[in-house]
Amino acid sequence: MNRLLATVLALTLSLGVAAPAFAQSATLDKINQSGTLTIGTRTGSPPFAYVNKDNQWVGFSIDLVEQAIAPAIGRKLNKPIKVEKKESTPPTRIALLASNAVDLIAGTMTDTRARRDSVDFSLTFFVTGAQFLVKTGSPIKGIQDVAGKRIAAQQASTNARIIRERVPTAQLREFPDQPAAFQALAQGQVDAYTNDGIQLAGLKAKAPRPDDWAIVGDFYSYEPYGMAMRKNDSDFRAVVNNGLMEAIDSGKYFELYEKWFGPRGEVPYPLTPENRRFLQLQAVPK
């Protein structure tokens, strides 16, 4: 865990969490004119962002936007801000930002150095790690067992890249989204589906028969999630980060965490003391 925290803290510090008060921001000007923050998010990644049985877009990432980030933008612009949601997937999300179709990616996007060539990230708001979802009783117990096996992953994901690099003999099959990858696993078209452990936990929890599935393997990579935005708009990034830091400092973040990941949440996933301390450290202005 110490290695995890050190790695993520280094990533966060390199982003520059705080920034000077803005004089001009293309994104904030766009939001000010429309009164709307448009986010790119997911339809099938519980419990971060998904469409529920009542056809409502819900999830932890969406709550953070609606209850922390949008209010922070509203205070900055001195007006109420609505949140509009558009579907984004790993292959489309950066293009949606670049085209101004969305202002912020709010889902389960891992902050990587390669991606920061194209986008900027907020501070880290969640940390998980890559694992495998298999049928209960599968001989696959971790990354050491996937050579020669049919492995599903999402297109343009860090999981797909790492499997391709570390296990080149695995038969990697990429799918556009999580439901498609899980369907392939359920139909026996692949032997395992790799994704971040918390996302696999959400998928298992929502499956018709959760006991049919097992999440296996130690983390073979760590995945720090951040909100992505267009590059070189430090003023907008500062407002987003301030919203997240205020949520952590006030306890709102932990309230939302308990809602989604607590014992009675959609996907129970205890927050370790180390990660709680890490989040609290991020809430201290740099």
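User: At what angle do helix H3 and helix H9 pack, and how far apart are their axes?
Analyst: Keeping in mind that this is a predicted model, helix H3 (residues 60–77) and helix H9 (residues 252–261) pack at an angle of about 150°, and their axes are 10 Å apart. Angles over 145 degrees count as roughly antiparallel, and that makes H3 roughly antiparallel to H9.
User: Which residues make the contact?
Analyst: On the H3 side the contact is made by Phe 60, Asp 63, Leu 64 and Gln 67, while H9 contributes Lys 252, Tyr 253, Leu 256, Tyr 257, Lys 259, Trp 260 and Phe 261. Sorted by class, the contact of H3 with H9 has seven nonpolar, one polar and three charged residues.
User: Switching topic, how many aromatic pairs are there in the whole structure?
Analyst: A search of the whole structure finds 21 aromatic pairs. In one of them, the rings of Phe 48 and Tyr 225 have centres 5.4 Å apart and planes at 80°, so this pair is edge-to-face.
User: Are those two buried or exposed?
Analyst: Phe 48 and Tyr 225 are both buried.
User: What about Phe 126 and Tyr 225, how are their rings arranged?
Analyst: Phe 126 and Tyr 225 form a stacked pair, with 6.0 Å from centre to centre and 25° between the planes. Phe 126 lies in strand E8 and Tyr 225 in strand E13, so the pair ties together parts that are 99 residues apart in sequence.
User: Which residues do ring pairs link into a cluster?
Analyst: The cluster linked by ring pairs includes Phe 48, Phe 126 and Tyr 225, and also Phe 60, Tyr 253, Tyr 257 and Phe 261.

How values were computed. Residues numbered from 1 in each chain as written. Predicted model: local features only at pLDDT ≥ 70, side-chain atom pairs only at ≥ 80, totals over all residues. Heavy atoms only, no water. Axes fitted to C-alpha atoms, helices over the stretch in contact; angles between N-to-C directions. Helix = DSSP H or I, 4+ residues; strand = E, 2+ residues; numbered from the N terminus. Parallel < 35°, antiparallel > 145°, perpendicular 65-115°, else oblique. Contact = heavy atoms within 4.5 Å. Nonpolar A, V, L, I, M, F, W, Y, C, P; charged D, E, K, R; others polar. Phe/Tyr/Trp six-rings, centres within 6.5 Å; stacked < 30°, edge-to-face > 60°. Buried < 20%, exposed > 50% of the residue type's maximum accessible area, 1.4 Å probe, protein only.
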